[in-house]
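The sequence and structure come first.

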Amino acid sequence: MSRLSITAYTFGIIFFLVSCSFAGFYGYKVVTHHLPKEEKKIEKYNYHFMLVPEELDNEYWRLVEKGARAAAKDYHIMLEYVGPKQANIEDHLKTIEMSAASKVDGIMTQGLSDEQFTPLINRVVEKGIPVITVDTDAANSKRIAYIGTDNYYSGFLAGKALIADTKGQANVAIITGSFIKNHQIQRVKGFRDAVMAEKGIQIVDVEESEISRVKAAEKAYKILQDHPEVNAFFGTSALDGIGIAQVVEKYNKQDQVYIVGFDTLPETINYMRKGTIKATVVQEPFEMGYKAVKMMIDLIEGQKVPPIVHTDTRILRVGDLPVSNQDRLGVNR
Ligand code: BGC
(Lines give C-alpha, C1' and ligand atoms only; values in the text may rest on other atoms or scores of the structure.)
Protein backbone atom coordinates (compact mmCIF):
# COMPACT_ATOMS: atom_id res chain seq x y z
CA MET A 1 0.00 0.00 0.00
CA SER A 2 1.36 3.37 -0.87
CA ARG A 3 1.88 5.97 1.86
CA LEU A 4 -0.87 8.07 0.35
CA SER A 5 -3.42 5.28 0.47
CA ILE A 6 -2.44 4.46 4.12
CA THR A 7 -3.02 8.10 5.10
CA ALA A 8 -6.33 8.23 3.22
CA TYR A 9 -7.37 4.93 4.77
CA THR A 10 -6.47 6.13 8.31
CA PHE A 11 -8.43 9.38 7.82
CA GLY A 12 -11.35 7.39 6.50
CA ILE A 13 -11.39 5.20 9.63
CA ILE A 14 -11.03 8.21 11.98
CA PHE A 15 -13.81 10.05 10.15
CA PHE A 16 -16.03 6.98 10.36
CA LEU A 17 -15.38 6.57 14.11
CA VAL A 18 -16.00 10.25 14.85
CA SER A 19 -19.25 10.17 12.84
CA CYS A 20 -20.34 7.05 14.69
CA SER A 21 -19.68 8.60 18.08
CA PHE A 22 -21.59 11.80 17.13
CA ALA A 23 -24.47 9.71 15.82
CA GLY A 24 -24.43 7.61 18.99
CA PHE A 25 -24.25 10.62 21.29
CA TYR A 26 -27.03 12.63 19.66
CA GLY A 27 -29.12 9.52 19.04
CA TYR A 28 -28.97 8.78 22.76
CA LYS A 29 -29.86 12.38 23.58
CA VAL A 30 -32.90 12.28 21.34
CA VAL A 31 -34.15 9.05 22.88
CA THR A 32 -33.58 10.08 26.48
CA HIS A 33 -34.50 13.73 26.06
CA HIS A 34 -37.47 14.91 28.11
CA LEU A 35 -39.76 16.50 25.67
CA PRO A 36 -41.36 19.62 27.20
CA LYS A 37 -44.63 18.40 28.62
CA GLU A 38 -47.60 20.59 27.96
CA GLU A 39 -47.95 22.02 31.37
CA LYS A 40 -51.60 22.49 31.94
CA LYS A 41 -52.16 24.24 35.19
CA ILE A 42 -55.60 23.29 36.29
CA GLU A 43 -56.61 25.68 39.05
CA LYS A 44 -58.23 23.93 41.95
CA TYR A 45 -60.95 26.01 43.53
CA ASN A 46 -62.59 25.23 46.82
CA TYR A 47 -65.96 26.79 45.96
CA HIS A 48 -67.74 28.72 43.24
CA PHE A 49 -69.50 31.95 44.29
CA MET A 50 -71.46 34.61 42.47
CA LEU A 51 -71.50 38.28 43.34
CA VAL A 52 -74.49 40.04 41.78
CA PRO A 53 -74.60 43.84 42.16
CA GLU A 54 -77.34 46.20 41.01
CA GLU A 55 -74.98 47.91 38.54
CA LEU A 56 -71.90 46.14 37.21
CA ASP A 57 -69.76 49.08 36.16
CA ASN A 58 -70.67 51.40 39.01
CA GLU A 59 -67.37 52.43 40.61
CA TYR A 60 -68.76 51.73 44.04
CA TRP A 61 -69.55 48.16 43.04
CA ARG A 62 -66.15 47.74 41.43
CA LEU A 63 -64.74 48.33 44.92
CA VAL A 64 -67.00 45.65 46.40
CA GLU A 65 -65.78 43.36 43.61
CA LYS A 66 -62.15 44.26 44.36
CA GLY A 67 -62.61 43.20 47.99
CA ALA A 68 -64.40 40.00 47.00
CA ARG A 69 -61.66 39.13 44.49
CA ALA A 70 -58.98 39.68 47.13
CA ALA A 71 -60.73 37.18 49.41
CA ALA A 72 -61.32 34.80 46.49
CA LYS A 73 -57.58 34.81 45.84
CA ASP A 74 -56.72 34.25 49.49
CA TYR A 75 -59.13 31.31 49.88
CA HIS A 76 -59.05 29.75 46.37
CA ILE A 77 -62.58 30.59 45.40
CA MET A 78 -63.89 30.86 41.87
CA LEU A 79 -65.72 34.17 41.91
CA GLU A 80 -68.00 35.44 39.19
CA TYR A 81 -69.12 39.05 39.18
CA VAL A 82 -72.24 39.39 37.04
CA GLY A 83 -75.26 41.68 36.90
CA PRO A 84 -77.03 44.43 34.97
CA LYS A 85 -74.85 46.88 33.09
CA GLN A 86 -77.12 49.65 34.28
CA ALA A 87 -79.36 49.42 37.31
CA ASN A 88 -82.36 47.31 36.31
CA ILE A 89 -84.35 45.22 38.77
CA GLU A 90 -85.61 42.71 36.19
CA ASP A 91 -82.08 41.95 34.96
CA HIS A 92 -80.83 41.75 38.49
CA LEU A 93 -83.46 39.18 39.45
CA LYS A 94 -82.79 37.18 36.27
CA THR A 95 -79.08 37.06 37.05
CA ILE A 96 -79.77 35.69 40.54
CA GLU A 97 -82.13 33.12 39.03
CA MET A 98 -79.51 32.01 36.48
CA SER A 99 -76.79 31.81 39.11
CA ALA A 100 -79.00 29.53 41.19
CA ALA A 101 -79.75 27.38 38.14
CA SER A 102 -76.04 26.88 37.51
CA LYS A 103 -75.78 25.39 41.01
CA VAL A 104 -73.09 27.61 42.43
CA ASP A 105 -72.02 27.15 46.04
CA GLY A 106 -73.17 30.56 47.21
CA ILE A 107 -74.71 33.83 46.01
CA MET A 108 -73.94 37.31 47.33
CA THR A 109 -76.31 40.02 46.26
CA GLN A 110 -78.45 42.93 47.42
CA GLY A 111 -81.89 42.53 48.91
CA LEU A 112 -83.25 45.52 47.06
CA SER A 113 -86.96 45.23 47.64
CA ASP A 114 -89.06 42.94 49.78
CA GLU A 115 -91.67 42.45 47.13
CA GLN A 116 -89.37 41.21 44.39
CA PHE A 117 -86.22 39.98 46.12
CA THR A 118 -87.56 38.22 49.22
CA PRO A 119 -89.51 35.46 47.39
CA LEU A 120 -86.60 34.80 45.03
CA ILE A 121 -84.00 34.72 47.81
CA ASN A 122 -86.25 32.32 49.74
CA ARG A 123 -86.56 29.98 46.76
CA VAL A 124 -82.80 29.96 46.21
CA VAL A 125 -82.07 29.24 49.87
CA GLU A 126 -84.73 26.50 49.98
CA LYS A 127 -82.96 24.90 47.00
CA GLY A 128 -79.87 24.63 49.18
CA ILE A 129 -77.84 27.57 47.88
CA PRO A 130 -76.87 29.98 50.65
CA VAL A 131 -77.50 33.69 50.01
CA ILE A 132 -75.72 36.53 51.79
CA THR A 133 -77.07 40.02 51.23
CA VAL A 134 -74.43 42.70 50.74
CA ASP A 135 -74.88 46.49 50.94
CA THR A 136 -78.69 46.24 51.06
CA ASP A 137 -80.59 43.82 53.25
CA ALA A 138 -83.83 41.95 52.65
CA ALA A 139 -84.20 41.45 56.37
CA ASN A 140 -87.46 39.50 56.10
CA SER A 141 -86.08 36.96 53.67
CA LYS A 142 -84.34 33.66 54.43
CA ARG A 143 -80.94 35.08 53.50
CA ILE A 144 -78.36 33.60 55.81
CA ALA A 145 -76.66 36.87 56.71
CA TYR A 146 -76.31 40.53 55.80
CA ILE A 147 -73.05 42.40 55.55
CA GLY A 148 -72.95 46.12 54.83
CA THR A 149 -73.72 49.57 56.08
CA ASP A 150 -76.45 50.19 58.62
CA ASN A 151 -78.37 52.18 56.04
CA TYR A 152 -80.79 53.83 58.47
CA TYR A 153 -77.92 54.97 60.67
CA SER A 154 -75.92 56.27 57.70
CA GLY A 155 -78.85 58.49 56.70
CA PHE A 156 -79.19 59.61 60.31
CA LEU A 157 -75.50 60.59 60.33
CA ALA A 158 -76.01 62.63 57.16
CA GLY A 159 -78.90 64.47 58.81
CA LYS A 160 -76.85 65.27 61.90
CA ALA A 161 -73.95 66.49 59.74
CA LEU A 162 -76.30 68.76 57.80
CA ILE A 163 -77.73 70.22 61.01
CA ALA A 164 -74.26 70.92 62.38
CA ASP A 165 -72.88 72.38 59.16
CA THR A 166 -75.88 74.61 58.37
CA LYS A 167 -76.35 75.62 62.02
CA GLY A 168 -79.80 74.13 61.88
CA GLN A 169 -81.10 76.45 59.15
CA ALA A 170 -81.75 74.91 55.74
CA ASN A 171 -84.32 74.22 53.06
CA VAL A 172 -83.34 70.75 51.97
CA ALA A 173 -83.94 68.73 48.83
CA ILE A 174 -83.17 65.03 48.80
CA ILE A 175 -82.16 63.15 45.67
CA THR A 176 -82.38 59.44 46.27
CA GLY A 177 -81.30 56.53 44.08
CA SER A 178 -84.74 54.96 44.28
CA PHE A 179 -88.09 55.27 46.03
CA ILE A 180 -88.53 51.50 46.24
CA LYS A 181 -85.12 50.09 47.15
CA ASN A 182 -84.54 49.18 50.79
CA HIS A 183 -81.19 50.89 51.31
CA GLN A 184 -82.38 54.16 49.75
CA ILE A 185 -85.64 54.13 51.72
CA GLN A 186 -83.72 53.57 54.97
CA ARG A 187 -81.20 56.32 54.26
CA VAL A 188 -83.99 58.83 53.61
CA LYS A 189 -85.83 57.68 56.73
CA GLY A 190 -82.71 58.00 58.89
CA PHE A 191 -82.14 61.49 57.55
CA ARG A 192 -85.74 62.56 58.13
CA ASP A 193 -85.64 61.28 61.71
CA ALA A 194 -82.39 63.13 62.37
CA VAL A 195 -83.72 66.51 61.22
CA MET A 196 -87.32 66.04 62.38
CA ALA A 197 -87.01 68.02 65.60
CA GLU A 198 -85.11 70.88 63.98
CA LYS A 199 -87.46 73.82 63.51
CA GLY A 200 -85.09 75.57 61.10
CA ILE A 201 -84.85 72.62 58.72
CA GLN A 202 -87.49 71.88 56.10
CA ILE A 203 -87.43 69.06 53.59
CA VAL A 204 -88.84 70.79 50.54
CA ASP A 205 -88.63 68.06 47.90
CA VAL A 206 -87.55 64.44 47.41
CA GLU A 207 -86.69 63.21 43.91
CA GLU A 208 -85.44 59.93 42.43
CA SER A 209 -82.28 59.50 40.31
CA GLU A 210 -82.64 55.81 39.38
CA ILE A 211 -78.95 55.32 40.33
CA SER A 212 -77.95 57.60 37.45
CA ARG A 213 -75.68 60.62 37.64
CA VAL A 214 -77.37 62.24 34.63
CA LYS A 215 -80.81 61.85 36.21
CA ALA A 216 -79.48 63.18 39.51
CA ALA A 217 -78.23 66.29 37.67
CA GLU A 218 -81.57 66.69 35.86
CA LYS A 219 -83.44 66.45 39.15
CA ALA A 220 -81.10 68.92 40.85
CA TYR A 221 -81.66 71.37 38.00
CA LYS A 222 -85.43 70.97 38.24
CA ILE A 223 -85.38 71.43 42.02
CA LEU A 224 -83.39 74.66 41.77
CA GLN A 225 -85.88 75.94 39.18
CA ASP A 226 -89.01 74.91 41.08
CA HIS A 227 -87.76 75.72 44.56
CA PRO A 228 -85.30 78.62 44.50
CA GLU A 229 -85.39 78.60 48.30
CA VAL A 230 -83.48 75.27 48.40
CA ASN A 231 -80.03 75.82 49.87
CA ALA A 232 -79.05 72.28 50.86
CA PHE A 233 -79.05 68.87 49.18
CA PHE A 234 -78.70 65.34 50.43
CA GLY A 235 -77.74 62.74 47.79
CA THR A 236 -78.39 59.23 49.08
CA SER A 237 -76.41 57.09 46.62
CA ALA A 238 -72.92 57.24 45.17
CA LEU A 239 -73.74 59.17 42.00
CA ASP A 240 -76.33 61.58 43.39
CA GLY A 241 -73.94 63.98 45.10
CA ILE A 242 -71.84 64.11 41.92
CA GLY A 243 -74.86 64.95 39.74
CA ILE A 244 -76.00 67.64 42.19
CA ALA A 245 -72.49 69.15 42.40
CA GLN A 246 -72.31 69.40 38.61
CA VAL A 247 -75.45 71.54 38.51
CA VAL A 248 -74.54 73.63 41.53
CA GLU A 249 -71.18 74.48 39.93
CA LYS A 250 -72.82 75.20 36.58
CA TYR A 251 -74.97 77.86 38.24
CA ASN A 252 -72.11 79.02 40.40
CA LYS A 253 -74.04 78.38 43.60
CA GLN A 254 -71.26 76.63 45.54
CA ASP A 255 -71.28 79.31 48.22
CA GLN A 256 -75.05 79.33 48.71
CA VAL A 257 -75.80 75.61 48.50
CA TYR A 258 -74.67 72.94 50.96
CA ILE A 259 -74.29 69.36 49.67
CA VAL A 260 -73.91 66.18 51.69
CA GLY A 261 -73.40 63.14 49.46
CA PHE A 262 -72.69 59.47 49.76
CA ASP A 263 -69.49 57.46 49.26
CA THR A 264 -65.96 58.42 48.40
CA LEU A 265 -65.69 57.92 44.65
CA PRO A 266 -62.80 59.89 43.09
CA GLU A 267 -65.21 62.44 41.58
CA THR A 268 -66.87 63.02 44.94
CA ILE A 269 -63.48 63.64 46.51
CA ASN A 270 -62.60 66.06 43.69
CA TYR A 271 -65.80 68.01 44.30
CA MET A 272 -64.93 68.03 47.99
CA ARG A 273 -61.43 69.35 47.32
CA LYS A 274 -63.05 72.21 45.40
CA GLY A 275 -65.46 72.75 48.28
CA THR A 276 -68.61 72.04 46.22
CA ILE A 277 -69.56 68.90 48.17
CA LYS A 278 -69.12 69.75 51.84
CA ALA A 279 -69.51 66.31 53.39
CA THR A 280 -70.07 62.70 52.43
CA VAL A 281 -71.10 59.48 54.11
CA VAL A 282 -68.25 56.96 54.01
CA GLN A 283 -69.07 53.30 53.40
CA GLU A 284 -66.66 50.39 53.22
CA PRO A 285 -67.33 48.62 49.92
CA PHE A 286 -63.98 46.79 49.82
CA GLU A 287 -64.57 45.34 53.29
CA MET A 288 -68.09 44.31 52.36
CA GLY A 289 -66.81 42.30 49.39
CA TYR A 290 -63.94 40.71 51.28
CA LYS A 291 -65.96 39.78 54.33
CA ALA A 292 -68.92 38.50 52.33
CA VAL A 293 -66.71 35.89 50.65
CA LYS A 294 -65.11 34.91 53.94
CA MET A 295 -68.52 34.61 55.63
CA MET A 296 -69.82 32.45 52.80
CA ILE A 297 -66.90 30.04 53.23
CA ASP A 298 -67.40 29.93 56.99
CA LEU A 299 -71.05 29.13 56.76
CA ILE A 300 -70.58 26.45 54.08
CA GLU A 301 -67.98 24.87 56.35
CA GLY A 302 -70.45 24.73 59.20
CA GLN A 303 -69.25 27.65 61.29
CA LYS A 304 -71.73 29.97 62.93
CA VAL A 305 -71.93 33.35 61.22
CA PRO A 306 -73.69 36.37 62.75
CA PRO A 307 -76.92 37.22 60.89
CA ILE A 308 -75.98 40.90 60.63
CA VAL A 309 -72.52 42.41 60.25
CA HIS A 310 -72.45 46.19 59.91
CA THR A 311 -69.41 47.64 58.24
CA ASP A 312 -68.19 51.03 59.36
CA THR A 313 -69.93 54.23 58.30
CA ARG A 314 -68.99 57.79 59.15
CA ILE A 315 -69.04 61.35 57.90
CA LEU A 316 -66.10 62.78 55.98
CA ARG A 317 -65.86 66.56 55.68
CA VAL A 318 -63.73 68.77 53.48
CA GLY A 319 -61.49 69.47 56.49
CA ASP A 320 -60.76 65.74 56.91
CA LEU A 321 -59.06 65.43 53.52
CA PRO A 322 -56.87 63.73 52.49
CA VAL A 323 -58.55 60.51 53.56
CA SER A 324 -56.67 57.63 55.08
CA ASN A 325 -56.92 54.10 53.70
CA GLN A 326 -57.38 55.74 50.30
CA ASP A 327 -56.78 52.69 48.22
CA ARG A 328 -59.49 50.62 49.82
CA LEU A 329 -61.95 53.47 49.58
CA GLY A 330 -61.07 53.83 45.92
CA VAL A 331 -59.99 57.44 46.21
CA ASN A 332 -56.61 56.86 44.60
CA ARG A 333 -57.68 55.12 41.44
C1 BGC B 1 -75.04 52.22 47.35
C2 BGC B 1 -75.09 51.17 46.30
C3 BGC B 1 -75.54 51.77 44.99
C4 BGC B 1 -74.64 52.92 44.61
C5 BGC B 1 -75.20 53.59 43.37
C6 BGC B 1 -74.16 53.36 46.91
O7 BGC B 1 -74.24 54.39 47.86
O8 BGC B 1 -74.58 51.72 48.57
O9 BGC B 1 -76.00 50.19 46.65
O10 BGC B 1 -75.58 50.82 43.98
O11 BGC B 1 -74.59 53.86 45.67
O12 BGC B 1 -74.37 54.53 42.81
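The text below takes the ligand, then the cavities and the pocket, then the backbone.

The model is predicted: local features need pLDDT of at least 70, side-chain atom pairs count only at pLDDT 80 or more, and totals for chains, interfaces and linings use all residues. Residues are numbered from 1 along each chain as its sequence is written, and side-chain values use heavy atoms, with hydrogens and water left out.

**Ligand site**

The classes are nonpolar (Ala, Val, Leu, Ile, Met, Phe, Trp, Tyr, Cys and Pro), charged (Asp, Glu, Lys and Arg) and polar (the others, Gly among them).

| Residue | Protein atom | Ligand atom | Distance |
|---|---|---|---|
| D263 | polar side-chain atom | oxygen | 2.5 Å |
| N58 | side-chain N or O atom | oxygen | 2.9 Å |
| A238 | polar backbone atom | oxygen | 2.9 Å |

On its own the ligand has 310 Å² of accessible area, and the protein covers 100% of that area. Accessible areas come from the Shrake-Rupley method with a 1.4 Å probe. Helices (H or I, at least four residues) and strands (E, at least two) are DSSP runs, numbered from the N terminus.

**Cavities and pocket**

Cavities and pockets are found on a 1 Å grid over the protein atoms alone: in a cavity a 1.4 Å probe fits but cannot get out, whereas a pocket is an open set of points with protein on both sides within 12 Å along at least five of seven lines; lining residues have an atom within 4 Å of a point. Grid points are joined across faces, edges and corners, and a volume is the space filled by probe spheres set on the points.

There are three cavities of 30 Å³ or more. The largest cavity holds about 130 Å³ of space. Of its 15 lining residues, E54, Y60, W61, S237 and A238 are the closest to its centre. The ligand takes up the space of this largest cavity, a molecule being placed in a cavity if more than half of its atoms lie within 2 Å of the grid points. The lining divides into five nonpolar, six polar and four charged residues. Its largest share, three residues, comes from α6.

The largest pocket has about 150 Å³ of space. Its lining consists of E43, K44, Y45, R69, A72, K73, H76, I77 and L79. Both α2 and β2 (77–81) give two or more residues to this lining, and α2 gives the most, with three. Four of the lining residues are nonpolar, one is polar and four are charged.

**Backbone**

Most residues other than glycine have a negative phi, and most peptide bonds are trans. E210, which is not a glycine, has a positive phi of about 55°. E210 is in the loop between β7 (201–208) and α7 (213–226). The peptide bond from L321 to P322 is cis, with omega near 0°. P322 belongs to the loop between β12 (314–317) and α11 (326–329).

Technical notes. A polar contact is a pair of N or O atoms within 3.5 Å; within protein, one must be able to donate a hydrogen and the other to accept it, and residues adjacent in sequence count only if both atoms are side-chain atoms.
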